Amino acid sequence: MLITELKSKEALAALTEGKKVFLINCVGCKEVHFPEQEAAEWEKELTAAGQVTGSMTTDYICNPDNMKLRLRPHMEEIQAADAVLVLSCGVGVQTIANYLEDKPVYAACDTCPLPGFQGVTPLEYQCDQCGECYLNLTGGICPITACSKSLVNGPCGGTKNGKCEVDGEMECGWERIYRRLAMLGRLDALKCPVQVRNFATDEEVSK
């Protein structure tokens, strides 16, 4: 099981400042806590400010076929937005980022673990439920799970021809991150090293 919590007001403001946004709320996994009330209040504030081009609440965006069908009626609203903000675990954010390759996709939530069963996604994306989500700094590709060594500040010295030194069949996660940021015109994000992960939320949840 896992729990999703809205990022801080400061973090959300930084993501939405001066932008038109499209919001995606995923409430699929019944075992997952979703900040429904907080999300509704935040969306209301953004809508009042004229920043929301559209929104949708759906389930299981980690299922690609389901997700594509649900997004299809909203594509004009998505294209009108400067960014798409996803309220889900890291798997959902990665799924949307991979599908909307030419659109900045941001995680509006952090994901923390809880004991118990977790739903199974048909995709290869993973969420390590590490508390503070790094996807907003890395183009929607998780450096924790896409890198065999879970490096958060760039590739190791062993990567060769775009492949991981641990698994020669695996693409280097940081090569993928670089290509995605370059395509989005966001290589400046690499100038900001990822900060040490804050485990405080994990500790509070586990008590």
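## Contacts, burial and surface charge in a predicted chain

Residues 24 or more positions apart account for 66% of the contacts (heavy atoms within 4.5 Å) in the chain with a separation of 6 or more. This is a predicted model, in which local features need pLDDT of at least 70 and side-chain atom pairs count only at pLDDT 80 or more, whereas totals for chains, interfaces and linings use all residues. Residues are numbered from 1 along each chain as its sequence is written, and side-chain values use heavy atoms, with hydrogens and water left out.

The chain holds 8 helices and 6 strands, taken as DSSP runs numbered from the N terminus, with H or I of at least four residues for helices and E of at least two for strands. From the N terminus on, these elements follow the order β-α-β-α-β-α-α-β-α-β-β-α-α-α. Of the 207 residues, 43% count as buried, where buried means under 20% relative accessible area, exposed over 50% and partly exposed in between (1.4 Å probe, protein chains only). The accessible surface of the chain (Shrake-Rupley method, 1.4 Å probe) comes to about 11,100 Å², and 50% of that surface belongs to carbon and sulfur atoms.

Leu100 is found in the loop between helix H5 (90-99) and strand E5 (105-107), and Leu100 counts as buried because its relative accessible area is 4%. Once neighbours within four places in sequence are left aside, Leu100 is in contact with Met75, Ile78, Val84 and Val105.

Glu45 has its place in helix H2 and counts as exposed because its relative accessible area is 54%.

Ser150 lies in the loop between helix H6 (143-146) and helix H7 (173-184), and Asn161 is likewise placed in the loop between H6 and H7. Their values are set out below.

| Residue | Phi | Relative accessible area |
|---|---|---|
| Ser150 | near 55 degrees | 32%, partly exposed |
| Asn161 | near 55 degrees | 73%, exposed |

Most residues other than glycine have a negative phi. Ser150 has a positive value, and Asn161 has a positive value too.
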